[in-house]
Amino acid sequence: MFFTRTHTYHFSIPKEELKNRLIGKHVKIHNLDFEVLESENKLRIMPHAEQVNTIKTLPVTSVTMTQDGSKTKVVIKSKMRQLDSGGPYLVMIFCSFLLIASGILLQVGGDQGITYTLLGAGIGIFSIFWIRMEMGYFDYVRKIRTYVKEKANPSFSEANMSVA
């Protein structure tokens, strides 16, 4: 819901050619291997995180392609792995409780020190959390999206990725 990103593109390359350029390939992002697999009329870009010892929030990306005349409509949908979703949702719930509590204390005229401390803590924790998500999870999402665009249009070279 909060961490799902969907992007739609139209490429001038045929659907089958784009599919052949992607299927079975590996892409390395931040020294982590992602593999492109085919399942149920769409492609899935899955992380290989078996050897990762650190806690990472990783996306699972599905690429759906449909032929629209001479163009191919590509829908790239990235969502958080079910395994990784607990921590970010807990942080968001905690920050929400802090912000709601400070809002209630502002309305009822509670102690200003506690009210502004709760408000500052909620905003501060959420800001740090969101910056970390932008540098981690959303960076993976951006680079996977760029990888698909690069395969659809070889002259498009915005990212610095290696293909294994």
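Biologist: What is the handedness of the crossing of α2 and α3, left-handed or right-handed?
Modeller: In this predicted model, α2 and α3 cross in a left-handed way.
Biologist: Which residues make the contact?
Modeller: On the α2 side the contact uses P88, V91, M92, F94, C95, L98, L99, A101, S102, L105 and L106. From α3 come I114, T115, Y116, L118, L119, A121, G122, I123, I125, F126 and F129.
Biologist: How do the residues of that contact divide into nonpolar, polar and charged?
Modeller: The contact of α2 with α3 has 19 nonpolar residues, three polar and no charged.
Biologist: At what angle do the axes cross, and within what distance do they come?
Modeller: The axes of α2 (residues 86-108) and α3 (residues 112-135) cross at roughly 155° and come within 8 Å.
Biologist: Are the two helices roughly parallel or roughly antiparallel?
Modeller: Angles over 145 degrees count as roughly antiparallel, so α2 and α3 are roughly antiparallel to each other.
Biologist: How many residues line the largest pocket, and which are the closest to its centre?
Modeller: The lining has 17 residues, and I55, K56, T57, R132 and M133 are the closest to the centre.
Biologist: Which elements give two or more residues to the lining?
Modeller: Those are α2, α3 and α4 (137-152).
Biologist: Which of them gives the largest share?
Modeller: α3 does, with five residues.
Biologist: And what is the lining by class?
Modeller: The lining of the largest pocket has 10 nonpolar, four polar and three charged residues.

Technical notes
Residues are numbered from 1 along each chain as its sequence is written. This is a predicted model: local features need pLDDT of at least 70, side-chain atom pairs count only at pLDDT 80 or more; totals for chains, interfaces and linings use all residues. Side-chain values use heavy atoms; hydrogens and water are left out. Axes are lines fitted to C-alpha atoms, for helices over the stretch in contact, and angles run from 0 to 180 degrees between N-to-C directions. Helices (H or I, at least four residues) and strands (E, at least two) are DSSP runs, numbered from the N terminus. Angles under 35 degrees count as roughly parallel, over 145 as roughly antiparallel, 65 to 115 as roughly perpendicular and the rest as oblique. A crossing is left-handed if the near helix is turned anticlockwise from the far one by less than a right angle, and right-handed if clockwise. Contact means heavy atoms within 4.5 Å. Ala, Val, Leu, Ile, Met, Phe, Trp, Tyr, Cys and Pro count as nonpolar, Asp, Glu, Lys and Arg as charged, and the others, Gly among them, as polar. On a 1 Å grid over the protein atoms alone, a cavity is a set of points where a 1.4 Å probe fits but cannot get out, and a pocket is an open set with protein on both sides within 12 Å along at least five of seven lines; lining residues have an atom within 4 Å of a point.
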